[in-house]
Amino acid sequence: TALGLRRRGVVVLEGAAAHAHTLQVARAHHAAHVVAFEADDTLNLQIEAAVRRLVGKAKRKPPIGVHVATRSPLLLREAREMRSAQMRTQQGAKAPDPPIDPKPFSLEEIAARALLQEQSQVLLDLAQTLKQERVHLVCFGFDSAAEALAERVFSSLWSAHFGAPRISVLTPDPQAAEAGFRARHREAFAHPDVWSADIAFLPFDWNAASIGAEVFDAVEAARGAPTGAIVSTGTDPGNIHLAISLMRACNSGPRWPIPIYLFETTQSEFSLQYAKGDETEALDAYLLAFGAHQVTATRARVINGALDKGAAIAHEHYVKGLSEKAPLAMRELQSAMRDWGGVMETFRAANRGAADSAMVKLWDAGWRAARDGEKGDPQPALPEAMIPLMAEREHDRWMAERLISGWRPTRPGEARNNSIMAHDKLAPWSALSESDKHKDEVQVRAGIDVARATHPNGFVRRA
């Protein structure tokens, strides 16, 4: 690997990345960006600390972006909240920008967001075709990648035409998997009067049993027919083997004519040749690989935050009430990222959920993204009659995103408190004021501009 990189002109240094001397030789304290990309979260945090020590009290404008890869969902959440707390303190004291700007990220989260941004309309189309009441995803395995995808589904895949999204997990140890998920997302189950995550954990050991009609019968009896499947067991070879078996069983009948999303950490010849998505017009099961480092761990996504372009636009709408004005010009949409770097992480998370649901809102409004060669409308209209229903569903989605992110409703007499993640608007739609309901309408309209900025080919009416 080192030889191949050097042949491409990359400077490769041998040494422990967390050691200050190695970073000093690499001139990390003079870099625009430092990416801590060890497999161990602790080492990545040590790299961030070492860069901070090297810089010391030196002034850096702009600050060095230290992108810290984080596998633990709990650690990722806490690291982001710490960044928000530091920003609040800094803004309150009107202190100068610090020389280091820590930016924790998760490759699993990036992969999940990219998949849903691309596939949400596919799943909605299929749910409609199959006359289902809700989008229902079945996970075969529940490693960190599957959990990240479950979080994003609950944060974004809410349609005004369907019920709340549902997830069913098949795993050899359902009790342990459920206990872990509930522990990491306590607030998503602690307030059933507001929202409770519709996720169930069912027993199935793919190493001891084959996939057949009895597995499908058990899932359908307990949870209903699925709209899609996720295969994420923890190993690439295991995922490939299980996905192939699942596809064959689904198409025997056919039983489950659904997309099967195969998680892999590294692109394989198999995925490049056979897991490329739907290549036929037939209603059948097919494979689509996602999550490989080659497409996930890129400069555009990790450093430039390409997936956050829509989130920055959603934030602009919320802060400035842009829906009261005429539709934004494309130049204005492109410039929305300008102030995104100064947005606190807790609000970034909320706006990521809003942006990732943009194509769901377009689908609800009767549009789909134009395909190559199609002449699309760059300014799709939003039916006024749909806005109240879409705003109510947007509020449901926002509450799910906040609760899955660790926020809780305020108690009687308690004011909103960002530092302890308590929000007074985590309440049923009927309990909101007209002003609060209007804010959800703003986010619905924001979804249109988010979609416009991220789909330059425009949109066409759904059949």
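**Salt bridges and helix packing**

A salt bridge of 2.5 Å, N to O, joins the side chains of Asp449 and Arg452. The two residues belong to helix H18 and stand three residues apart, about one turn of the helix; both are buried. The model is predicted, and by the salt-bridge rule applied to it the count comes to 29.

**Other salt bridges**

- An α-helix has 3.6 residues a turn, so residues three or four places apart point the same way.
- Arg393 and Asp396 are both buried.
- Arg445 and Glu384 also meet through their side chains in a salt bridge, at 3.5 Å, N to O.
- Because Arg445 lies in helix H18 (residues 434–454) and Glu384 in the loop between strand E10 (367–369) and H17, this pair ties together parts that are 61 residues apart in sequence.
- Arg445 is partly exposed, with a relative accessible area of 26%, whereas Glu384 is exposed, with a relative accessible area of 53%.
- A network of salt bridges links Arg113, Arg152, Asp308, Arg352 and Asp356.

**Packing of H6 and H15**

- Helix H6 (residues 144–156) packs with H15 at an angle of about 75°, and their axes are 8 Å apart.
- H6 is therefore roughly perpendicular to H15, as angles of 65 to 115 degrees are counted in this class.
- On the H6 side, Arg152, Ser155 and Ser156 take part in the contact; on the H15 side, Arg352, Gly353 and Asp356 do.
- By class, this contact of H6 with H15 has three charged and three polar residues and no nonpolar ones.
- Arg152 of H6, and Arg352 and Asp356 of H15, are also members of the salt-bridge network.

**Helix H4**

- H4 (residues 73–93) has 21 residues, which at 1.5 Å a residue should span 30 Å; its end C-alpha atoms are 31 Å apart, in agreement with that value.
- The buried residues of H4 are Leu76, Arg77, Ala79, Arg80, Glu81, Arg83, Ser84, Met87 and Gln90.
- Those buried residues pack against strand E3 (100–105) and against helices H5 (107–129), H7 (174–184), H15 (345–356) and H17 (387–404).
- Lys94 follows H4 and has a positive phi, near 55°.

Key: Residues numbered from 1 in each chain as written. Predicted model: local features only at pLDDT ≥ 70, side-chain atom pairs only at ≥ 80, totals over all residues. Heavy atoms only, no water. Helix = DSSP H or I, 4+ residues; strand = E, 2+ residues; numbered from the N terminus. Expected span 1.5 Å × (residues − 1). Buried < 20%, exposed > 50% of the residue type's maximum accessible area, 1.4 Å probe, protein only. Contact = heavy atoms within 4.5 Å. Axes fitted to C-alpha atoms, helices over the stretch in contact; angles between N-to-C directions. Parallel < 35°, antiparallel > 145°, perpendicular 65-115°, else oblique. Nonpolar A, V, L, I, M, F, W, Y, C, P; charged D, E, K, R; others polar. Salt bridge = Lys/Arg side-chain N within 4 Å of Asp/Glu carboxyl O.
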